[in-house]
Amino acid sequence: MKRIVVFGAAGHARVVIDVLEKTRLWDIVGVISGSQAAVTNQVFGCTVLGQDDDLPRIVREQEVHYGIIAVGDNFLRDRIRRKILSLCPDFQFATAVHPDSSIARGVAISEGSVIMAGAVVNSDARIGRFCIVNTNASLDHDSSLGDFSSLAPGAVLGGNVRVGAYSAVCIGAMVKQDIVIGEHSVVGAGAIVMQDVPGYSVCFGQPCRFVRERVPGESYL
Ligand SMILES: CC(C)(COP(=O)(O)OP(=O)(O)OC[C@H]1O[C@@H](n2cnc3c(N)ncnc32)[C@H](O)[C@@H]1OP(=O)(O)O)[C@@H](O)C(=O)NCCC(=O)NCCS
């Protein structure tokens with residue numbers, strides 16, 4: 001088993017720890033917290049080793065070269081990745097796939113992405129880098145998630161849907177086949193998406209409608 005650290009100490013991190021444990025591929029050395037406020041002794045039974053800035057020391061002391069960024073916010077995940085690589089340029093990122101997810105033939109899953117329990121990724125779908133396919137979410141055939149994008153629990157993409165980089169399809173939203181969702185957009189909880197979604201926008205409703213523009217990094221969780 002390879003040694004790994006988990007970046008993040010909140011609820012999403014606990015779910016990611018569970019996925020890593022279930023894969024039986026990783027020896028979790030501990031957790032690295034983003035802020036002093038979040039530092040406690042343990043997270044879900046894993047020792048908190050320090051904060052992001054402590055990474056060079058942790059890599060040296062723990063002889064760990066793999067990590068996974070277990071933070072739900074898409075933009076923040078990229079910010080953390082950049083910080084990690086500025087501190088330790090050779091650091092590598094794991095991909096974690098829950099054994100109770102269904103991954104079809106022809107699927108590509110890139111580094112740093114996490115697939116949760118009950119997720120279905122159907123034939124020839126593509127998951128970009130540092131994505132989240134959350135509990136019971138699904139992407140149907142030929143769909144793709146851009147880097148740092150996410151499907152919240154129960155989100156459903158029909159076939160050949162394209163989700164742009166950094167975009168979030170929120171809890172329980174459903175997206176018709178062949179739809180394109182631009183980058184840095186948020187499709188709100190429970191939306192039914194029947195038309196393309198422009199980039200840099202928030203939209204929701206049944207049917208889903210454009211609500212307002214959005215700047216990259218704006219909070220949505
Ligand atoms: C899309 C989203 C980010 C919008 O947030 P927001 O812009 O801050 O919107 P607000 O919460 O200020 O709500 C503004 C209005 O829109 C309504 N609204 C917000 N989201 C809505 C949605 N998804 N569907 C229908 N109406 C919605 C609110 O009820 C509110 O209506 P009101 O003015 O009549 O009270 C948010 O609704 C959402 O879906 N968050 C993601 C939740 C999620 O998936 N979590 C996953 C955890 S793993």
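**A walk through the model**

Guide: Ser143 sits in the loop between strand E14 (138-139) and strand E15 (144-145); strands here are DSSP runs of at least two residues, numbered from the N terminus, and helices (H or I) need at least four. This is a predicted model, where local features need pLDDT of at least 70, side-chain atom pairs count only at pLDDT 80 or more, and totals for chains, interfaces and linings use all residues. Residues are numbered from 1 along each chain as its sequence is written, and side-chain values use heavy atoms, with hydrogens and water left out.

Visitor: Is Ser143 buried or exposed?

Guide: Ser143 counts as buried because its relative accessibility is 1%. Buried means under 20% relative accessible area, exposed over 50%, and partly exposed in between, with a 1.4 Å probe and protein chains only.

Visitor: What does the side chain of Ser143 reach?

Guide: The side chain of Ser143 reaches the backbone nitrogen of Asn160 at 3.2 Å.

Visitor: Now the ligand. Which residues surround it?

Guide: Among them are Cys170, Ile171, Ala189, Phe204, Arg212 and Tyr220. A residue is near a molecule if one of its heavy atoms lies within 4 Å of it. By class, the shell has 9 nonpolar, 1 polar and 1 charged residues. Ala, Val, Leu, Ile, Met, Phe, Trp, Tyr, Cys and Pro count as nonpolar, Asp, Glu, Lys and Arg as charged, and the others, Gly among them, as polar.

Visitor: Which backbone atoms lie by an oxygen atom of the ligand?

Guide: A backbone N or O atom of Ile171 lies 2.9 Å from a ligand oxygen, and one of Ala189 lies 2.8 Å from a ligand oxygen.

Visitor: How much of the ligand does the protein cover?

Guide: The protein covers 43% of the 920 Å² of accessible area that the ligand has on its own, by the Shrake-Rupley method with a 1.4 Å probe.

Visitor: Where is Tyr166?

Guide: Tyr166 lies in the loop between strand E18 (162-163) and strand E19 (168-169). Tyr166 counts as buried because its relative accessibility is 16%.

Methods
Polar contact = N/O pair within 3.5 Å; in protein donor to acceptor, adjacent residues only side chain to side chain.
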